[in-house]
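Let's take a walk through this structure together, one region at a time. Keep the viewer open as you read.

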Amino acid sequence: MTDVSENAIPENAIPENAVAEHAPGPIAERPTGRFARALDSDLAWRFRRSPLTVVAALVTVSMILAALLAPWIAPHNPHDPASLNLMNGFTPPMTANAFTGAEFLLGTDDQGRDVFSAILYGLRISLFVGFAAVGLAMLIGVTLGLIAGYVGGWPDTVIMRVADVQLTFPAILIAMLIFGVAKGFTPPELRNEMAIWVLILSIGLSDWVQFARTVRAAAMVEAKKDYVAAARLVGRSKAAIMLRHVAPNAMGPVLVIATISLALAIIAEATLSFLGVGAPPTQPSLGTLIRIGQRFLFSGEWWILLFPSLTLLVLALAVNLLGDWLRDALNPKLR
Amino acid sequence: MRAILLGAAAAIALTALDAEAGTLRWARTGEALTLDPHSQNEGPTTTFLHQIYETLILADMTGAFVEGLAVNWGPLEEDPNVWRFDLRQGVAFHDGTPFTAADAAFSIMRAKSEASNFRELLGSVVEARVVDDHTLDLVTDGPNPILPANLTNIFMVSEAWARANDVVDVHNFAAGEDSFAARNVNGTGPYVLVSRDPDSRSVLRLNEDYWGIGEFPLDVTEIIFTPIQNPATRVAALLSGEVDFIQDVPVQDLDRIANTDGLVLGTTAQNRTIFFGLNVADEDLASDNVEGRNPFADRRVREAMNIAINREAIRQVVMRGQSQPTGVIMPPFVNGWTEELDAFPPVDLDRARALMAEAGFADGFSTRLDCPNDRYINDEAICQAVVGMFGQIGINVTLDARPRAQHFPLLANLETDFYMLGWGVPTYDSEYIFNFLVHTRDDGFGSWNATRYSNPELDAKIRSLSSNIDLEARDADIAAIWEVVQAETIYLPVHHQVLNWAFSDRIDTIVDPEDQVLFKYFVMAD
């Protein structure tokens, strides 16, 4: 059984051969540890060779860390309205407030919320919604794509026609539709607590099509390969073949799409919150902060808008660059 | 020859300019909720309808009562319970039918009907009697000295039109109904509705057969109305010359507008007070985490909340100085207002916490605040600010901010326990506040009172106001009623709004303290 599963990674064997052309040392001296082998892989080599990608990865990782550690890094908890002092409102960055004398690194917003803390906590919400929504989209997309590609027949037709219909609408419109319907069903007293989950659901459901299409195409190719035929000969069930043999080989492109989708999901969340249908005002995400900030654009309080926007821009750009690089790195045609 | 040619060219150029010059592009936060003139007694709705429909008596932009569709009015000498109105002759509705006393009587009774939002204003009227084609008698259940003040927002509709289109019944907005009258109009006013695309763009054009041509400036010949909810976008539209006139000017942009060439900022103290209402009577609330008890029913909790609000901070930061903090839900223009009532309590968090503990809520409780986000100046920001202030005395408030088209039905259907409301008093008399906001919600009274407060003794006193002709005794009653309202703390007052209009310097107008725009008075330079 295991020897058949080994077949599931023949693709990885090709890059290893390819490494030979530009690898620094002779093949004989290759390290053996799992981590060391990963560091020595083609992917790692390509990563080190692209400074832009290294920077993008560093930025992404540090933003994720900042979000995770927000309660310890942030000077204030912006989600606790009782801790705010309204008189601190509209304090410019690094300047003492006229009434209270308090100083804030990136200034405060209209409610006296420290912008720096609000960004850290906002990042948490934005990243959490992004990851969870992509996870959901991936789960739905990969499952449906595998069924469509491997089983074929009427399930394929049904799934792909639904996907086609959904593709004719912009994802953000679908997300807004789902958000609106879900909000109608949640009881008013739970609405604020549910808002984040509803956001995840609506972005996740609006984004599965990409995954399904890619996985379906990959599954159709893999299904005709010898190792699948071999697995079938040994008598493995359809579900087992799909999950253990076909799925792993269709995962490369899924990883690329997931990374790019993450950037899109973060932007979708920001868009929904910017439009006022996403995260509640007392628990602002980056989009909510931008929505609040743009009101003060004409009156000279630029910091309320600028810093959250910059954060969103840098985050989305970094994740996107990573995704782009991953797509190129995993595409054998571009070598 | 050459001079004549030049003159002709100039004349042509001028007429071309005239057509252009008469157009006024108007923007404010929100759209009229409905076009049915008796459905919603709500600022932006009545403001829009005032251009199309007319009232018997008009409050002009200074607040003075002037002739509308009535040219003369007064109580009959032989019977003080009857007010006689001489109606204007030769007035026609936009569809051409003449305006008669029968239409006026029909309109009054329609505005008094079940679904109307104007019933409180006509609570004392028992009968509208047609004397002849242009004379109307209103019979009241006792002498009512302030009846004219109650008629300035009662629009006149055509009886024939209402019957032909099956809109004798008033459009029930809170129930989410649709009706012909909610989408179509037929008034006698200075402007006719050309097109309306709700929430996007409405076009009004001068009524060529208007009775007031020659009497009013009527420089504005075309009005293009665009609701722009986002404050920054609204200001950008004005700064870029895309619109000529905006209401609901965001306080953070006042300096910028005042310092821009070609723009004028008009400022006045507004006839509108912002406050919070609480469900003070229900046994238990759906929106809190306290089982079997309504924390707002405890007067100590309400008092604690009242002294936890830092009104001065709201004025300085949220309103940037553009408000007047207050301790009463009555604007300063109104009969019954005193400085003592207006004084607001200083913030005292220690006493507030002590009161909470005394009421048995030492550990606080959580509840929900319903707030509009497109109605009052910085409404959502005020709500957010008080959420923090209530948090400091242990009340954990979740904020639910919605557009006003969804917020106001919550009050109408009693689906909120804690809400924001702003109230202006077009009649300039306390009775208007009591009728709508203090009287028990029952037949024809208290339609905007979502506090569930009910005090039969007080109700009787409120109802007796309309027929009390001894003005001194009446004022004493008003003071007594205010004393109860203040002692009970059923509302938590925040401030009186300061009103700002911003417009192109082509326009010359005064600012109406009730935020009521009457374009027929606008003067346009060209």
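## Chain A at a glance

Chain A has 15 helices and 0 strands. This is a predicted model, and of the 335 residues in chain A, 43% are buried. If you look at contacts in chain A between residues at least 6 apart in sequence, 68% of them join residues at least 24 apart.

The mean pLDDT of chain A is 84, and 89% of its residues score at least 70.

## A closer look at Gly130(A)

Now find helix 7 (residues 115-151) of chain A, where Gly130(A) lies. Is Gly130(A) buried or exposed? Gly130(A) has 25 other C-beta atoms within 10 Å, so it counts as buried, the cut-off being 20 or more.

Leaving aside neighbours within four places in sequence, the contacts of Gly130(A) are Leu262(A), Ala265(A), Ile266(A) and Glu269(A). For Ile241(A), 111 residues from Gly130(A) along the chain, the C-alpha atoms of the two residues are separated by 31 Å.

## Where chain B meets chain A

Between the two chains, 27 residues of chain B are in contact with 21 residues of chain A. On the chain B side, the elements that give two or more residues are helix 7 (231-239), helix 10 (311-318), helix 13 (379-391) and strand 15 (395-402) of chain B. Helix 13 of chain B gives the largest share, 7 residues. By class, the residues on this side of chain B are 14 nonpolar, 8 polar and 5 charged.

## A helix pair in chain B

Two packed helices are described by the angle between their axes and the distance between the axes. For helix 16 (residues 456-465) and helix 17 (residues 471-488) of chain B, the angle is about 150° and the axes are 10 Å apart. That angle makes helix 16 of chain B roughly antiparallel to helix 17 of chain B, and their crossing is left-handed.

Helix 16 of chain B makes the contact through Leu458(B), Lys461(B), Ile462(B) and Leu465(B), while helix 17 of chain B brings Arg474(B), Asp477(B), Ile478(B), Ile481(B) and Val484(B). In this contact, 6 residues are nonpolar, 3 are charged and none is polar.

Technical notes
Residues are numbered from 1 along each chain as its sequence is written. Chains are lettered from A and ligands numbered from 1 in the order in which they are written. This is a predicted model: local features need pLDDT of at least 70, side-chain atom pairs count only at pLDDT 80 or more; totals for chains, interfaces and linings use all residues. Two residues are in contact if their C-beta atoms, placed from the backbone, lie within 7 Å. Helices (H or I, at least four residues) and strands (E, at least two) are DSSP runs, numbered from the N terminus. Ala, Val, Leu, Ile, Met, Phe, Trp, Tyr, Cys and Pro count as nonpolar, Asp, Glu, Lys and Arg as charged, and the others, Gly among them, as polar. pLDDT is the predictor's confidence in each residue, from 0 to 100. A residue is buried if 20 or more other C-beta atoms lie within 10 Å of its own, exposed if 12 or fewer, and partly exposed in between; C-beta atoms are placed from the backbone. Axes are lines fitted to C-alpha atoms, for helices over the stretch in contact, and angles run from 0 to 180 degrees between N-to-C directions. Angles under 35 degrees count as roughly parallel, over 145 as roughly antiparallel, 65 to 115 as roughly perpendicular and the rest as oblique. A crossing is left-handed if the near helix is turned anticlockwise from the far one by less than a right angle, and right-handed if clockwise.
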